[in-house]
Amino acid sequence: MRGLLKLSVRAVSCVPRRPCSGGRPPAPLGARVLTNPRDIFQHNMWDHVQWTEEETEEARQKAEQNSEEKIPVEEQSKYDREAHKYWDRFYGMHQRKFFRNRTWLFTEFPELLPPDEEQEQDLCSESGSREKQQPCGSCTLTSHMDTFPGQHAAFRILEVGCGAGNSVFPIINTIRSSKAFLYCCDFSSQAIELIQEHPDYDPAVCHAFVRDICDTTSPFPFPPESLDIILVVFVLSAIHPARAQDVVTSLAGFLKQGGIMLFRDYGRYDLAQLRFKKGQCLSENFYTRQDGTCVYFFTKDEVHHLFSNAGLEELQNLEDRRLQVNRGKKVVMHRVWMQSKYRKPYLIPD
């Protein structure tokens, strides 16, 4: 699948977008489309790449082969039970150096941008016209919690599985002068320490805390139905697939009506999946890396079922197929990511 001769180049139509208000940019999933195979080494990445049936079958066979030999059942539980240890070790070793800051966040997820004051007033008016509906952020929030971090914010964001802050700090630097507030959590205490020690960390706009999102009984530091946005980026893939539905359902309970969950993660037959060797597979499409951390590779249908079963409605559910190019080594690599947006519906009065 890496060879140039096997490359399939097709024109790709534009993906329909949800209208954006207030001049917010669209989320195009990239606009660099390869139309001439001779140009392939002109850039490091090409967007909207479609695979031939031959390429798809070759990828399926590679995944089938590397999953033939699975880790013994009696050994599998430790990767779930001791996951926090593996991730603590990961962040202890790599600190903030392993991942780059996600500067693409606001292009792909413009919903993260706080609404301006005019938009807030429109949202409040719209919310007030609906009886029995959750008010927007700048309206009064009814809660059994007396006080909580960010309670006076007009726009609240939660990032789960925040790691060392590669999304946190681009968001902080964007919302600092607004009425927005960011919560971020990770079950690695090492990761949260790295965030809290960062010079850009500001408790006035961000609250970082340790939390295992698989533990759906432990409290969050904010009440139910209090969040406008929940960001779930390369997080669910690290969780055992049997736990994913409970996690998504639990998180959905913290969204306001009209709140949105933003998701991006690994897709089925991504290069990362095809590179695994035999003996690293835990279950179908679920693997463990050499450092003990785990990863699952999703399909569009699986993503849709996860979020729709949690009571959310689909705004976007895309398979992001790209060509990553190593121009120095003349190597072409197929990448597959899932990108989705799901909204908590408004209640309709009886």
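Reader: Is glutamate 302 buried, exposed or partly exposed?

Author: Happy to take that one, keeping in mind that this is a predicted model. Buried would need a relative accessible area under 20%, and exposed one over 50%. Glutamate 302 has a relative accessible area of 26%, so the residue is partly exposed.

Reader: Which parts of the chain does the salt bridge between arginine 268 and glutamate 302 tie together, and how many residues apart are they?

Author: The side chains of these two residues meet at 3.0 Å, N to O. Arginine 268, with 13% relative accessibility, counts as buried. Arginine 268 sits in the loop between β6 and α9, while glutamate 302 belongs to helix α10, so the pair joins parts that are 34 residues apart in sequence.

Reader: Nice! And where in the chain are aspartate 228 and lysine 256, which also meet in a salt bridge?

Author: Their side chains come to 3.1 Å, N to O, and both aspartate 228 and lysine 256 are buried. The two are 28 residues apart and link distant parts of the chain: aspartate 228 is in strand β5, and lysine 256 is in strand β6.

Reader: Which residues do salt bridges with shared partners join into one network?

Author: Good one to look up in the viewer. A search of the whole structure finds 17 salt bridges, among them the pair of glutamate 319 and arginine 321 at 2.9 Å, N to O. The network built from shared partners joins Glu108, Arg264, Asp320 and Arg322.

Reader: Turning to the sheet of β7, β8 and β9, which are the edge strands?

Author: The open sheet runs in the order β7-β8-β9 with antiparallel pairing. Strand β8 pairs with β9 over three bridges. The strands that pair on one side only, and therefore form the edges, are β7 and β9.

Conventions: Residues numbered from 1 in each chain as written. Predicted model: local features only at pLDDT ≥ 70, side-chain atom pairs only at ≥ 80, totals over all residues. Heavy atoms only, no water. Pairing = 2+ DSSP bridges. Helix = DSSP H or I, 4+ residues; strand = E, 2+ residues; numbered from the N terminus. Salt bridge = Lys/Arg side-chain N within 4 Å of Asp/Glu carboxyl O. Buried < 20%, exposed > 50% of the residue type's maximum accessible area, 1.4 Å probe, protein only.
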